Amino acid sequence: MNMETTATVTAPPAPRRLEDMNLPLVMMRDILLKTMFRKNVDMVSDLARAICLPSAVTQELIDMSREQRLIEATGTLNANSGNEMGYQLTDAGKARALDALSQSEYFGAMPVPLEVYREQIRRQSIRNIQITRQQLTDAMGHLILPDSLLDHLGPAVSSGRSILMYGPPGNGKSSISNGIRDAMGDKVYVPRAIEYAGQVITVYDPIVHSKAEEESDDPNSLRRRRGFDRRYVRCDRPTVITGGELSLSMLDLVYNPTARTYQAPLQLKSSGGIFIVDDLGRQAEPPQSLINRWIVPLEESKDILSLQSGEKFEVPFDTLVIFSTNFHPNAIFDQAALRRIFYKIKIDGPNQENFLKIFALVARKKGLPLDEGALIHLLNVKYPTIDNVYANYQPVFLIDQMIEICKFEGIPYKMSPELIDRAWANMFVYDEQIVR
């Protein structure tokens with residue numbers, strides 16, 4: 001299935017010289033020394049991979065450190081490494097590495113300056129994508145949805161702005177959110193870490209980011225692709241999904257006092273992708289407070305973060321925020337907050353026709369034969385007791401219940417009015433005074 005939504009995102013170019021890095025020289029030198037000390041690497045090629053820089057730039061850093069008598073050549077060529085010269089820390093270099101580690105435990109990949117990362121955000125912005133009806137339909141092919149819903153969803157997703165999906169529980173709001181994520185088929189570049197005011201903020205998170213397969217060059221090709229900046233990781237557009245556990249503190253920088261480094265908050269990790277707030281209204285903080293925290297980012301496409309020192313700084317806010325709630329918006333937000341959410345889409349339960357389509361689809365998938373008498377009993381006897389209100393979760397629930405009953409009774413999978421009644425009894429909890 002071709003799920004490409006736009007032309008390929010422009011990759012961040014690799015730095016060619018040390019001056020292209022736009023990082024403090026002392027910071028780069030210290031990260032090099034700490035990496036050599038912690039990882040015990042001594043070849044330029046291995047060091048280049050460890051700090052994610054081209055060999056030529058790495059060599060410049062080594063030469064600078066040699067001039068400062070922090071690194072020395074071992075005087076031997078390693079035949080197993082293409083006759084590379086080996087290097088090691090001098091006593092002064094080890095002392096400097098230990099001093100630098102006492103200030104910050106960070107080593108490895110060189111960070112990307114925040115200003116440089118801003119440029120990459122613009123190249124791969126969520127607002128650059130354009131999703132067609134066919135792409136959205138393909139991504140949600142496993143769902144039975146009315147065409148009118150896609151009429152509203154399509155423009156909302158393509159806008160890259162905020163979306164509020166609301167409606168009764170069990171009608172696929174979470175599944176629709178995941179379908180939106182799947183419709184975005186292109187890749188973005190996520191920095192391993194960024195730098196601001198000499199502080200390192202780690203961004204790449206393997207729990208959040210799905211690393212794409214490496215593209216290898218064809219050695220016989222006349223045109224070789226230029227490698228991208230390896231301080232970034234090529235990933236699928238990220239998706240952060242939070243639920244009732246979301247708190248305001250999760251939207252702030254996380255400081256590690258031991259390592260003396262920062263970890264990016266969830267919304268920064270989701271840059272170029274989707275941030276899904278599921279079950280809005282179930283969090284410890286009231287929904288109004290959560291929305292108030294998002295007002296500036298949603299309107300101005302920038303967020304404000306704070307360092308331990310109290311210094312505040314701006315970072316790009318480039319994520320499609322999807323709020324999903326079972327509550328009516330007017331019950332949890334004031335009108336000022338609702339104005340900040342660009343698209344409000346109600347997700348209702350299916351009509352009877354779509355309910356039957358879902359029921360048949362699930363039954364076929366799970367190997368439960370359909371029975372006309374059982375379906376007539378379900379529609380004419382059971383659903384009138386709940387005013388014929390259908391929900392998308394109900395076919396799966398009822399069919400799974402009937403299958404488990406058949407397993408327990410030791411009979412072949414089947415559907416009958418009696419099994420419908422037994423399954424139905426587990427779907428709702430009634431007040432005792434209602435049951436006679």
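Hi everyone. One thing before we start: what we're looking at is a predicted model.

Let's begin with the sheet. What order do its strands come in? Going across, you get E3-E6-E7-E11-E10. That's five strands in an open sheet, and the pairing is mixed. Now, which strands stand at the edges? Those are E3, residues 112-113, and E10, residues 254-256. Each of them has a single partner strand, so one side of each has no neighbour in the sheet.

Stay with E10 for a moment. Its pairing with E11, residues 261-263, is antiparallel and runs over three bridges.

Next stop, tryptophan 294. You'll find this residue in helix H10, which covers residues 287-300. Is tryptophan 294 buried or exposed? It's buried, because its relative accessibility is 2%, and the cut-off for buried is under 20%. So who is around it? If we skip residues up to four places away in sequence, tryptophan 294 touches Leu251, Gln267, Phe275, Phe317, Val321 and Phe323. Take leucine 251 from that list. Along the sequence, leucine 251 and tryptophan 294 are 43 residues apart, but from C-alpha to C-alpha the gap in space is 9.6 Å.

Now a residue in a loop: serine 271. Where does it sit? Serine 271 is in the stretch between helix H9 (266-269) and strand E12 (274-277). Serine 271 counts as buried too, because its relative accessibility is 4%. What does its side chain reach? The answer is the backbone oxygen of leucine 268, at 2.9 Å. Setting aside neighbours within four places in sequence, serine 271 also has contacts with Tyr117, Ile121, Pro238, Pro316 and Asp318.

Okay, on to charges. Side chains of opposite charge can pair when their charged atoms come close. How many salt bridges are there in this model? The count comes to 25. I'll walk you through a few.

Here's one: arginine 17 with aspartate 20, at 3.3 Å from N to O. Arginine 17 counts as partly exposed because its relative accessibility is 40%. Aspartate 20 is partly exposed as well, with a relative accessible area of 27%.

Another salt bridge joins glutamate 299 and arginine 340, at 2.9 Å from N to O. This pair links distant parts of the chain: glutamate 299 belongs to helix H10, while arginine 340 belongs to helix H12 (residues 335-340), and they are 41 residues apart. Glutamate 299 counts as partly exposed, at 43% relative accessibility, whereas tryptophan 294 is buried.

Then there's arginine 422 with glutamate 409, 3.2 Å from N to O.

Notes. Residues are numbered from 1 along each chain as its sequence is written. This is a predicted model: local features need pLDDT of at least 70, side-chain atom pairs count only at pLDDT 80 or more; totals for chains, interfaces and linings use all residues. Side-chain values use heavy atoms; hydrogens and water are left out. Two strands pair if DSSP finds at least two bridges between them. Helices (H or I, at least four residues) and strands (E, at least two) are DSSP runs, numbered from the N terminus. Buried means under 20% relative accessible area, exposed over 50%, partly exposed in between (1.4 Å probe, protein chains only). Contact means heavy atoms within 4.5 Å. A polar contact is a pair of N or O atoms within 3.5 Å; within protein, one must be able to donate a hydrogen and the other to accept it, and residues adjacent in sequence count only if both atoms are side-chain atoms. A salt bridge is a side-chain nitrogen of Lys or Arg within 4 Å of a carboxyl oxygen of Asp or Glu.
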